[in-house]
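The following account is intended for a reader who meets this structure for the first time.

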Protein chains: 2
Amino acid sequence: MSNRKYAIGVDFGTESGRALVVDVATGQEIATVVHSYANGVIDEKLPESGVRLEPDWALQDPNDYLEVFKNAIPAALKQSGVAPADVIGLGVDFTACTMLPVKRDGTPLCFLPQFRNRPHAWVKLWKHHAAQPEANKLNETARRRGYRFLDRYGGKISSEWFIPKAWQILDQDPEIYAAADRLLEAADWVVWQLTGVETRNTCTAGYKAIWSKREGFPPNEFFKALDPRLEKIVDEKMSRTLIPLGQKAGGLTGEAAHWTGLLPGTPVAVANVDAHVAAPASTVTEPGRMVIIMGTSNCHMVIGNEERIVPGMCGYTEDGIVPGLIGFEAGQSCVGDHFAWFTENCVPAAYEREAAQRGVGVHQLLEEKAEQLKPGESGLLALDWWNGNRSVLVDVDLTGLLIGATLLTKPEEIYRALIEATAFGTRLIVETFRANGVAVNEIVATGGLPDRNKLLMQIYADATGLTFRIPETHQAGALGSAMHGAVAAGAAAGGYNSIVEAARHMARLRDECYSPIPEHTAVYDRLYAEYVTLHDYFGRGENDVMKRLKAIKAEARGAKG
Amino acid sequence: MSNRKYAIGVDFGTESGRALVVDVATGQEIATVVHSYANGVIDEKLPESGVRLEPDWALQDPNDYLEVFKNAIPAALKQSGVAPADVIGLGVDFTACTMLPVKRDGTPLCFLPQFRNRPHAWVKLWKHHAAQPEANKLNETARRRGYRFLDRYGGKISSEWFIPKAWQILDQDPEIYAAADRLLEAADWVVWQLTGVETRNTCTAGYKAIWSKREGFPPNEFFKALDPRLEKIVDEKMSRTLIPLGQKAGGLTGEAAHWTGLLPGTPVAVANVDAHVAAPASTVTEPGRMVIIMGTSNCHMVIGNEERIVPGMCGYTEDGIVPGLIGFEAGQSCVGDHFAWFTENCVPAAYEREAAQRGVGVHQLLEEKAEQLKPGESGLLALDWWNGNRSVLVDVDLTGLLIGATLLTKPEEIYRALIEATAFGTRLIVETFRANGVAVNEIVATGGLPDRNKLLMQIYADATGLTFRIPETHQAGALGSAMHGAVAAGAAAGGYNSIVEAARHMARLRDECYSPIPEHTAVYDRLYAEYVTLHDYFGRGENDVMKRLKAIKAEARGAKG
């Protein structure tokens with residue numbers, strides 16, 4: 001044993017899992033290994049049986065998660081040269097809500113031969129969208145009966161969340177529902193596999209399963225109103241015991257120690273959500289600074305001292321990010337996806353040739369050309385609703401809009417307008433938080449985009465008038481999990497007694513940051529005012545043309561078949 | 001001399017002139033030759049002197065027009081095998097307003113060495129847009145003083161028209177203005193060169209120079225109010241004698257006979273406008289059928305029995321298309337240009353590769369893909385204002401809008417939405433005519449697009465609910481001019497006594513036509529209602545965001561320089 005102590009973070013993403021070995025004293029990242037899921041996202045047919053899935057389904061194979069433990073952790077350990085005895089704790093974060101039905105002993109139903117060809121026996125991934133009918137009925141029932149828990153979620157429960165997904169199982173395959181002794185987040189399930197102890201974390205329960213520290217779950221009568229068979233779902237399939245973040249779930253079992261190459265008994269933290277562990281890994285453990293995870297979509301998190309109803313936000317949870325404080329969450333459903341769509345569908349061949357000749361990527365070429373433009377110079381303005389609106393309006397039926405095009409409009413101008421639109425969307429989220437008593441004074445941006453797109457970062461700073469900082473880590477999820485592992489170990493073992501303390505030592509910001517340029521912000525203030533006018537006109541019912549176009553589209557597609 | 005008689009039409013376009021030899025009895029097109037202008041559109045610098053032009057300028061060299069007579073007519077004659085003695089008449093049509101300053105004997109000022117390096121001495125082409133300040137002052141003055149002639153032009157005189165262009169000469173180069181004994185349309189100038197007789201036609205005067213058969217030109221006091229030096233412009237530089245279409249301007253001079261290879265004295269019709277001669281060439285000489293010339297832009301013409309004020313139309317002129325009737329005109333400033341912009345800026349490299357592999361053009365590939373879509377299926381809707389709005393709103397500061405985009409939106413869906421937007425624009429023009437007492441029951445489409453784009457034609461039929469017919473001729477301008485040549489010759493010489501009679505014999509429609517498909521029209525009715533709502537919201541002052549974006553853009557560009 002050396003003097004130095006280490007923690008391991010395991011970050012479960014959509015396509016792969018990542019293990020990271022971190023120096024507990026300094027936060028230095030020693031080694032990282034990514035292991036891809038063999039079955040990836042299962043959205044066409046089930047493995048082996050080949051049973052076909054309906055559109056909007058997205059499943060996973062829980063065995064792929066175990067393979068991450070068995071492959072990525074030993075490989076990262078080996079790469080790091082760290083002795084197992086110097087690993088004081090392990091933390092795990094996961095996409096959410098990603099949930100599955102299991103037997104009392106934790107065996108996933110899809111591991112059982114009799115259920116292997118039943119889609120509902122598998123893991124429902126966060127982006128499984130087939131429970132929309134159940135979500136609609138749930139929201140309608142809650143509204144009709146006046147349940148106030150909807151307020152915590154911006155007025156609407158998403159089809160991506162726990163109860164709609166559980167209800168879909170019951171609706172479509174009651175035998176699977178009956179056979180499931182437990183329904184739980186994959187996050188909690190993997191911790192169970194490591195420790196042999198079944199726990200439930202407050203973060204996923206609060207953000208995804210309509211739980212709150214003060215009110216608990218909705219009453220049984222609410223579930224009964226949805227479906228009499230759901231009445232006792234919490235007591236029969238879930239748990240009312242929820243463990244706050246940073247607590248120790250248990251120690252590694254002998255079997256898990258064998259998988260991972262770590263010592264039996266190594267402390268494991270309760271599970272967490274990928275976005276939420278990124279906050280402390282980005283140094284944010286206090287009110288006033290917002291963390292944005294910027295990738296295919298944007299996830300905004302900010303910490304508050306007290307509960308606030310913020311219209312159109314995704315949700316808030318006490319202890320959701322940092323124990324004792326309120327974690328607020330909002331999101332934009334189309335950011336990196338937006339630029340990917342544009343690059344794939346709207347960049348002319350001449351640009352591809354120019355990029356090839358110069359040996360740069362198309363995105364880089366676009367960025368260079370767009371960078372030559374001044375704010376407002378394109379005359380374009382867009383609404384960033386290519387994938388609906390997740391926060392403020394919470395409406396998946398809104399669609400994208402571009403205004404101001406002329407015969408001289410160039411692709412890079414459209415590209416820049418799309419970036420600006422997402423920046424205005426973020427500004428509106430920030431202003432909505434502020435208007436409802438949640439302070440946002442500075443932003444820390446993490447995820448894939450901040451590293452890749454400097455133009456985008458400057459536009460965000462200019463368009464919001466806020467300074468954007470960037471954490472040193474490129475893997476905020478895994479680092480945040482390792483930090484929670486160090487907290488689960490505790491100070492006595494060489495770790496920390498709180499995530500705040502862990503963040504002080506293990507998380508850092510880079511020196512360089514993006515500060516708003518006042519002349520740019522002055523122009524963007526004017527464009528933003530136009531954005532808000534259009535946002536409200538098309539988004540708040542004055543002209544529901546987007547919804548009517550969607551309805552006509554659905555009819556036309558129906559008529560086609 | 002054979003029994004058969006022929007007429008020649010010469011159609012002066014933007015880049016070239018075309019001569020067509022036509023059988024007068026049948027309308028059969030015997031031979032056609034195109035001659036390109038050596039100096040084309042002069043928009044960067046003057047020939048020889050190299051004097052640089054400001055943005056928005058577009059000039060031409062009148063000698064290029066004479067070269068068309070000297071080259072295209074003899075070549076077409078030769079190709080046709082027709083004897084000069086069998087050519088009974090000649091007609092000419094031109095772009096308008098395309099105007100120039102000349103001496104009393106017809107010599108263009110730009111032919112004189114002392115003026116050759118002076119931009120204002122040259123021909124101002126129709127798309128010369130540098131007289132916008134003069135147009136703005138003219139409109140403001142007319143409105144303030146309550147002149148009702150604005151009503152005939154949809155409320156606004158365009159910067160493309162005669163008086164603003166003449167005034168720009170005076171404003172910027174008073175010496176040229178003073179040296180000009182005449183200011184006239186190039187159309188009238190070329191007829192003067194052929195016949196030695198100076199005439200002015202009613203068509204260009206009515207549509208472009210604020211003249212009407214009943215009221216004549218605006219009074220001198222109006223011109224004086226613009227600028228005291230303009231007070232007597234009509235008497236000093238123009239003419240109050242205007243000759244109706246189909247009249248004989250004169251016979252070919254000996255010199256012109258030498259240029260063309262025709263006989264001296266061959267009757268030449270008074271000049272005409274390219275769009276307006278296309279109407280009889282498309283069989284339209286009576287009320288109720290609209291002619292649309294569909295190319296880079298759309299020009300809509302319809303004939304009425306009586307004057308009507310149709311808000312937002314380009315203008316109407318008694319005898320403007322057919323003597324004794326009212327010719328109404330409207331336009332859309334961005335049609336083929338729209339699709340060209342899209343193809344150049346928004347079609348991804350993958351589509352270009354697919355088109356190349358299949359050996360088809362990109363436009364054809366797009367058309368094939370767009371054809372697979374049903375009306376409404378894309379969920380997209382556009383406002384066709386990429387180049388402003390010419391009719392109904394008459395506002396160059398409006399810009400393009402696309403709504404309904406998602407991450408699954410494909411290029412062919414956008415392409416189709418742009419076509420649909422121009423079709424809705426045409427429908428709104430049709431409905432505005434109808435609402436103001438001008439009947440439109442059927443449409444005849446000519447120009448470049450109807451031949452090239454069947455999908456577009458079907459969408460226009462479906463979106464308007466009207467049948468679209470197509471004339472047999474592919475060169476409606478030149479044919480219409482030849483028809484006017486036959487009318488100038490008269491029945492006694494083997495021609496006709498009226499354009500109506502000429503049309504009956506010389507113009508024909510194809511058998512095939514595009515009829516609206518009721519199920520498509522039912523969907524388009526709903527989309528059109530959305531189009532009108534957005535049209536009015538953005539175009540009639542409720543939200544002037546497009547103008548504000550343009551203002552911000554202008555500031556940003558100004559700040560850049």
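In which helix of chain A is A:Arg427 found? In this predicted model, the residue belongs to helix 14 of chain A, which comprises residues 411-435. A:Arg427 has a relative accessible area of 11%. Since a residue counts as buried when this value is under 20%, A:Arg427 is therefore buried.

The surroundings of this residue may be described next. When neighbours within four places in sequence are left aside, A:Arg427 is in contact with A:Ala463, A:Thr464, A:Tyr524, A:Asp525 and A:Tyr528.

Of the 561 residues in chain A, 63% are buried. The radius of gyration of chain A is 23 Å, which agrees with the value near 24 Å that a compact globule of 561 residues would have. Along the principal axes, the C-alpha atoms fill a box of roughly 70 × 60 × 50 Å.

Chain A exposes about 19,400 Å², of which carbon and sulfur atoms supply 48%. The chain carries 57 positive and 69 negative side chains, and the centres of these two sets lie 2 Å apart.

With regard to secondary structure, chain A contains 20 helices and 19 strands. Six of the strands form an open sheet of mixed pairing, in the order 14-15-13-12-18-19. Strand 14 (315-318) and strand 19 (468-469) of chain A each have a single partner strand, so they stand at the edges and one side of each is left without a neighbour in the sheet. Strand 14 of chain A runs antiparallel to strand 15 (residues 326-332) of chain A, and four bridges join the two. Within this pairing, A:Thr317 stands opposite A:Gly327.

Chain B may be examined at the corresponding numbers. There, too, strand 14 and strand 15 (residues 326-332) of chain B run antiparallel and are joined by four bridges. B:Gly315 has B:Glu329 in strand 15 of chain B as its bridge partner. In a regular strand the side chains alternate between the two faces of the sheet. In strand 14 of chain B, B:Gly315 and B:Thr317 lie on one side and B:Tyr316 and B:Glu318 on the other; all are buried, and both faces of the strand are covered.

Terms used:
Residues numbered from 1 in each chain as written. Chains lettered and ligands numbered in written order. Predicted model: local features only at pLDDT ≥ 70, side-chain atom pairs only at ≥ 80, totals over all residues. Heavy atoms only, no water. Pairing = 2+ DSSP bridges. Rg over C-alpha atoms; globule rule 2.2 N^0.38 Å. Buried < 20%, exposed > 50% of the residue type's maximum accessible area, 1.4 Å probe, protein only. Areas by Shrake-Rupley, 256 points an atom, 1.4 Å probe, with all protein chains shown as cover. Lys, Arg positive; Asp, Glu negative; His and termini not counted. Charge placed at Lys NZ, Arg CZ, Asp CG, Glu CD. Contact = heavy atoms within 4.5 Å.
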